[in-house]
Amino acid sequence: MINGLQLTIPGEEVRRLLEQRLEDHRQRADWWKREQARTPKEQTEDEPLLPEHICESEAERHEWRAVVLEFIRDRIESAEVYRLGEADLRFGELLPEKPGWLEQEEYEERTSVGFHLERLSKRIGEVLPRELAIAAPGVERNE
């Protein structure tokens with residue numbers, strides 16, 4: 001009996017999928033480096049300059065992921081068969097990429113929840129009487 005969903009994938013296919021993903025990360029790192037090197041003359045209304053520190057961080061992040069995936073790929077035995085669970089598939093980025101609109105929607109949902117929680121905690125701090133605010137540590141009051 002198998003507990004949970006696990007996929008059986010030949011090692012050669014795992015290596016191929018990892019190779020594709022690490023190449024995607026290398027290309028993205030190169031794109032961020034090109035963005036970082038752009039000058040104000042190359043800026044357009046449709047393609048404004050991005051902050052240098054963001055470009056540098058994103059390039060570094062994609063380079064690191066490529067190195068991680070390469071490390072994993074180099075240790076996969078082509079002749080073996082691997083049984084992979086959800087965490088393995090996610091960590092190795094072996095599932096197809098989400099469409100951009102879905103990524104954006106999920107990002108907006110995550111940030112929206114945090115934003116609403118922050119606003120709610122501020123409102124609670126404004127509404128609570130002083131005595132309750134003192135009894136409830138961690139709640140900031142705006143006076």
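How do the residues of the lining of the largest pocket divide into nonpolar, polar and charged? There are 4 nonpolar, 3 polar and 12 charged residues. Here Ala, Val, Leu, Ile, Met, Phe, Trp, Tyr, Cys and Pro count as nonpolar, Asp, Glu, Lys and Arg as charged, and the others, Gly among them, as polar.

Before going further, a word on the model. It is a predicted one, in which local features need pLDDT of at least 70 and side-chain atom pairs count only at pLDDT 80 or more, while totals for chains, interfaces and linings use all residues. Residues are numbered from 1 along each chain as its sequence is written, and side-chain values use heavy atoms, with hydrogens and water left out.

**The overall plan**

The chain has 5 helices and 2 strands, which are DSSP runs numbered from the N terminus (helices are H or I with at least four residues, strands are E with at least two). Along the sequence they follow the pattern β-α-α-β-α-α-α. Of the 143 residues in the chain, 20% are buried; buried means under 20% relative accessible area, exposed over 50%, and partly exposed in between, using a 1.4 Å probe and protein chains only.

**Helix H1**

Let us follow helix H1, which covers residues 11-37. Its 27 residues should span 39 Å at 1.5 Å a residue, and its end C-alpha atoms are 39 Å apart, which agrees. The expected span is 1.5 Å times one less than the number of residues. Among the buried residues of H1 are Val14, Leu18, Arg21, Leu22 and Trp32. The buried residues of H1 pack against strand E1 (7-10), helix H2 (52-73) and strand E2 (81-84).

**The largest pocket**

Back to the pocket: it holds about 640 Å³ of space. Of the 19 residues that line the largest pocket, the closest to its centre are Arg28, Glu93, Glu97, Lys98 and Glu103. H1, H2, helix H3 (86-91) and helix H4 (100-127) are the elements that give two or more residues to the lining. The largest share, 5 residues, comes from H1.

A pocket is found on a 1 Å grid over the protein atoms alone, as an open set of points where a 1.4 Å probe fits, with protein on both sides within 12 Å along at least five of seven lines; lining residues have an atom within 4 Å of a point.

**Salt bridges**

The structure holds 14 salt bridges, each a side-chain nitrogen of Lys or Arg within 4 Å of a carboxyl oxygen of Asp or Glu.

| Pair | N to O distance |
|---|---|
| Glu97 and Arg21 | 3.7 Å |
| Arg26 and Glu23 | 3.6 Å |
| Glu63 and Lys33 | 2.3 Å |

Glu63 in helix H2 and Lys33 in helix H1 are 30 residues apart, so this pair links distant parts of the chain.

Arg26 and Glu23 both lie in helix H1, 3 residues apart, about one turn of the helix. An α-helix has 3.6 residues a turn, so residues three or four places apart point the same way. Arg26 and Glu23 also belong to a network of salt bridges that includes Glu19, Glu70, Arg73 and Asp74.

Key:
Contact means heavy atoms within 4.5 Å. Grid points are joined across faces, edges and corners, and a volume is the space filled by probe spheres set on the points.
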